[in-house]
Amino acid sequence: MTTTPQIPNPAHTLADSMLSRHFGKETVNYFSSSPINRLSFLRSDHPFLSAALKHPSARFVLLKNLAPLTPSPAQLHYAKYEEVQKLVPLDAFDTPEEELIKKFDSRKTQATLIFLGLDESRKEGGMAWKIYSGTPYFAVDVTPKGSEEQQTAANDVISAMEAKGLSFFQTRVVMTFSADEAAIYAQARALMDWNTRNTFCGTCGQRTLGVNAGTKRACPPTDMARTAEGKTEERPECNTRTTLSNLSFPRTDPTIIVAVVSADGKRVLLGRSKRFPPGWYSTLAGFIEPAESIEDAVRREVWEEAGVTLSRVVIHSSQPWPYPANLMIGAIAQVSDPAHEKISLEHDPELEDARWFEIEEVEEALRIGTSDLSGPAGPDYKGGLRLPPPTAIANQLIKAAVTAEYFSPEKSKM
């Protein structure tokens, strides 16, 4: 039985401050506000990582072709080390990073292992390291690939898990976990997907090595598999070894998503693509291009997709979107002149339709007509407008656009 996913409600959203009194409560979106402290500055500290991996409290999120292992669609399974020991050597972090790069051998493969961080709310029975304590979490790729030995180990792990009644949740988008588990899964999935896509260097084309606890790909200068006259040959020169290179670190693609309000504040602009189910509309969205501000991207995308010219743009909130690695930057925008509200789909053919909806119709849809793309609307839905569910930032933006408080002078929103 599935339950309705929670929206994160971290403590800081309830804290009183000058900013919260001036701008209102912060909106926090699904996939964000992870309970895990990532401790990114310890990802190169191999004594710490080794201690975390070997600690009895260590837990592992297992992904097969990016699908998470679950007992049900509403819950992640956190494996213990003995359940993954065939695939994850206990000494995985015993060797310093510099030594791993020096001894790199492209013929040897191993499952991708990513340190996610410490859950400091689970201190009892957890590990202690200097001033940090909690339960360590890792992500492991159990997809059968790599060497024959690795594939056999992966299949053994998978078979053992399935024998316990667990399964890998196969769906395009997972939005059924609790708020905390959704954030953990989002981090694991995004990093695993990036590692999978970057097994070869984007500059020189040579095989890469995962380092920094799974959050960096190194292009080693030598490969033990390349030998001549008994000596290891150097690989082609590559500037990822000598400069700060974005090719070595995970990428996040910034994307704008915007709820557009009419000049009189009584209507909201929504659009639909051909893949949407009947009656389903959403906010407009698009990628931010190089050398483009968030505000400029909002104005450009809305004009390109719907022909509407915007004036004021206000950033509202953001949502990490791990499919594969987007950061959805949400905004509220308004048209200043009714003459700029005319819709035209003659520019970018991305949308099948775009319309101005009256606030009352949008409010009704928010009450009874929300659903994901594949699910049915609420039991009280009798037809008409359908909107994204609360777990989507689009829903939060639409709510903000139709709420009178958002436009009140004391909130300084618009």
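The following questions and answers concern a predicted model, beginning with the whole chain and ending with one residue.

Reader: How many helices and strands does the protein chain have?
Author: Both kinds of element are present in the protein chain. The count is nine helices and 18 strands.

Reader: Why does the radius of gyration of the protein chain agree with that of a compact globule?
Author: The protein chain has 414 residues, and a compact globule with that number would have a radius of gyration near 22 Å. The value for the protein chain agrees with this, because it is 24 Å.

Reader: What share of the residues of the protein chain counts as buried?
Author: A residue counts as buried when its relative accessible area is under 20%.

Reader: Where is Pro236 placed?
Author: Strand S12 covers residues 231-234, and strand S13 covers 253-261. Pro236 lies in the loop between strand S12 and strand S13.

Reader: Why does Pro236 count as neither buried nor exposed?
Author: Buried means under 20% relative accessible area, and exposed means over 50%. Pro236 has a relative accessibility of 36%, so the residue counts as partly exposed.

Reader: Which residues does Pro236 touch, not counting those up to four places away in sequence?
Author: Contact requires heavy atoms within 4.5 Å. With residues up to four places away in sequence left out, Pro236 touches Gln206, Arg226 and Arg241.

Reader: What separation lies between the C-alpha atoms of Pro236 and Thr143?
Author: Along the chain, Pro236 and Thr143 are 93 residues apart. In the model, their C-alpha atoms are separated by 30 Å.

Technical notes
Residues are numbered from 1 along each chain as its sequence is written. This is a predicted model: local features need pLDDT of at least 70, side-chain atom pairs count only at pLDDT 80 or more; totals for chains, interfaces and linings use all residues. Side-chain values use heavy atoms; hydrogens and water are left out. Helices (H or I, at least four residues) and strands (E, at least two) are DSSP runs, numbered from the N terminus. Buried means under 20% relative accessible area, exposed over 50%, partly exposed in between (1.4 Å probe, protein chains only). The radius of gyration is taken over C-alpha atoms; the globule rule is 2.2 Å times the number of residues to the power 0.38.
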